[in-house]
Amino acid sequence: MNDGYESFESDFNIFNNKMSLLIESRDKEEIIKTIKEKHISEVNDDVDKDHKRDDLIIWNAIYTREIIRNGIAKKYLHPMYNKFYRKIKESTSIQGLQEIELNMINEYMDLLINDTEITDSFTVNKLLQALHLNIENHTSLEEICKNLNISVGYASTCFKKYKGISIMRYLREIKIERAKTLLLSTEKSILEISILLGFHDQSHFTNTFKKLVGISPLKFRNKNYTI
């Protein structure tokens with residue numbers, strides 16, 4: 001089945017507007033499903049890794065453009081675009097590139113879905129940007145505030161005023177949203193995901209996940225897993 005690389009020497013999805021429409025409708029689930037189906041086709045067709053790398057460089061630019069078009073300020077996307085550009089250039093396998101592709105759409109869509117742009121609070125804008133960009137970097141709130149040259153107290157007050165919840169609660173929520181995506185789109189273990197997202201241990205991650213989602217990470221994966 002050659003539904004990913006038909007007559008083009010690249011991903012034919014680049015040449016239609018399906019992804020643009022899915023991004024506009026914020027349908028991350030359908031986007032991930034489409035990408036995973038394409039990955040199966042790529043493996044079956046033994047797609048050349050250089051073609052795949054070139055395609056992802058194009059997709060990185062397309063995602064950036066589409067996210068900007070749907071309301072996220074360009075200045076917030078520079079670090080994310082640059083990060084993925086470097087990762088794409090450095091990857092040496094189809095499997096590695098496919099993992100980057102899933103991570104890429106996860107992070108771009110998380111920015112869009114969580115509406116990180118708050119136009120009348122520069123401080124909260126910067127905090128939201130930092131929280132999303134560092135979600136897998138184990139960067140503490142103290143470090144983030146130090147880099148932004150503001151105190152933790154001031155950051156907490158501003159954030160609660162504009163978002164209606166505490167920074168730590170918001171961070172837990174976006175970590176669990178990322179965890180849900182990782183559970184459905186990767187084969188990482190529960191322990192690996194808990195470590196990646198900076199939880200104290202697997203038990204802490206499982207308890208937090210169950211509190212916010214209603215079921216354990218394992219039950220969530222077994223119920224929804226489609227790989």
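Because the model is predicted, local features need pLDDT of at least 70 and side-chain atom pairs count only at pLDDT 80 or more, while totals for chains, interfaces and linings use all residues. Residues are numbered from 1 along each chain as its sequence is written, and side-chain values use heavy atoms, with hydrogens and water left out.

**Fold and burial**

The protein chain holds 12 helices and zero strands, where helices (H or I, at least four residues) and strands (E, at least two) are DSSP runs numbered from the N terminus. Of its 227 residues, 46% count as buried; buried means under 20% relative accessible area, exposed means over 50%, and partly exposed lies in between, with a 1.4 Å probe and protein chains only.

Helix α5 covers residues 94–113, and its 20 residues should span 28 Å at 1.5 Å a residue, which agrees with the 28 Å between its end C-alpha atoms; the expected span is 1.5 Å times one less than the number of residues. Helix α5 is mostly covered, with 16 of its 20 residues buried. In helix α2 lies Ile31, which counts as buried because its relative accessibility is 0%. Between Ile31 and Lys18 there are 9.2 Å in space, C-alpha to C-alpha, although the two are 13 residues apart in sequence.

**Salt bridges**

Side chains of opposite charge can pair when their charged atoms come close. A search of the whole structure gives 11 salt bridges, each defined as a side-chain nitrogen of Lys or Arg within 4 Å of a carboxyl oxygen of Asp or Glu.

| Salt bridge | N to O distance |
|---|---|
| Arg53 and Asp50 | 2.7 Å |
| Arg169 and Glu173 | 3.2 Å |
| Glu107 and Arg178 | 3.9 Å |

Arg53 and Asp50 both belong to helix α3 (residues 49–69), and because they are three residues apart, about one helical turn separates them. Within this pair, Arg53 counts as buried at 13% relative accessibility, whereas Asp50 counts as partly exposed at 39%.

In helix α9, Arg169 and Glu173 are four residues apart, so about one helical turn lies between them. Arg169 is partly exposed at a relative accessible area of 43%, and Glu173 also counts as partly exposed, at 27% relative accessibility. Elsewhere, salt bridges that share partners join Lys38, Glu42, Lys52 and Glu101 into one network.

**Surface charge**

A patch of negative charge on the surface gathers Asp45, Asp46, Asp48 and Asp54. Patches are made of residues with over 30% relative accessible area and no salt bridge, with like charges joined within 9 Å and nonpolar side chains (Val, Leu, Ile, Met, Phe, Trp, Tyr) within 5 Å. One of the residues in this patch, Asp46, is found in the loop between α2 (28–44) and α3, and Asp46 counts as exposed because its relative accessibility is 67%.

Technical notes
Areas by Shrake-Rupley, 256 points an atom, 1.4 Å probe, with all protein chains shown as cover. Lys, Arg positive; Asp, Glu negative; His and termini not counted. Charge placed at Lys NZ, Arg CZ, Asp CG, Glu CD.
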